[in-house]
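User: Can you walk me through this one? Keep it quick, please.

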Amino acid sequence: MVVKTERCAFSEYWIFPGHGMKYVRKDGQPIILSGSKAKSLYLQKLKPSKLQWTQVSPGAHFLLVCTFVCASLGGKRDLKKEEAF
């Protein structure tokens, strides 16, 4: 069974059916937000890239890349040590 999920316009988190809220701008474009926190910050016109908890922030991207690189390097280091002996 496929569940239709959508992305939050502010934080880029996945929103599952029955969660989140729709906000309609003055020009008529609907915007889907994950909750009241995202709605409040969106209406204050804050940039999501400045907030650490959003997926748009550079810190979140760094953590994702770092864990991926560290995991891949850990496996390679073990292989090199085994080959050296």
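**Overall layout**

Analyst: The chain has 2 helices and 4 strands. Helices (H or I, at least four residues) and strands (E, at least two) are DSSP runs numbered from the N terminus. This is a predicted model: local features need pLDDT of at least 70, side-chain atom pairs count only at pLDDT 80 or more, and totals for chains, interfaces and linings use all residues. Residues are numbered from 1 along each chain as its sequence is written, and side-chain values use heavy atoms, leaving out hydrogens and water.

User: In what pattern do they come along the sequence?

Analyst: The pattern reads β-β-β-β-α-α.

User: How much of the chain is buried?

Analyst: Buried residues are 16% of the 85 in the chain. Buried means under 20% relative accessible area, exposed over 50%, partly exposed in between (1.4 Å probe, protein chains only).

User: Where is Thr54, and is Thr54 buried or exposed?

Analyst: Thr54 sits in the loop between helix H1 (36-43) and helix H2 (58-84). Thr54 is buried, because its relative accessible area is 0%.

User: What lies 2.6 Å from a polar atom of its side chain?

Analyst: The backbone oxygen of Pro48. A polar contact is a pair of N or O atoms within 3.5 Å; within protein, one must be able to donate a hydrogen and the other to accept it, and residues adjacent in sequence count only if both atoms are side-chain atoms.

User: New topic. Where is Met1, and is Met1 buried or exposed?

Analyst: Met1 lies in the segment before strand S1 (6-7). Met1 is exposed, because its relative accessible area is 99%.
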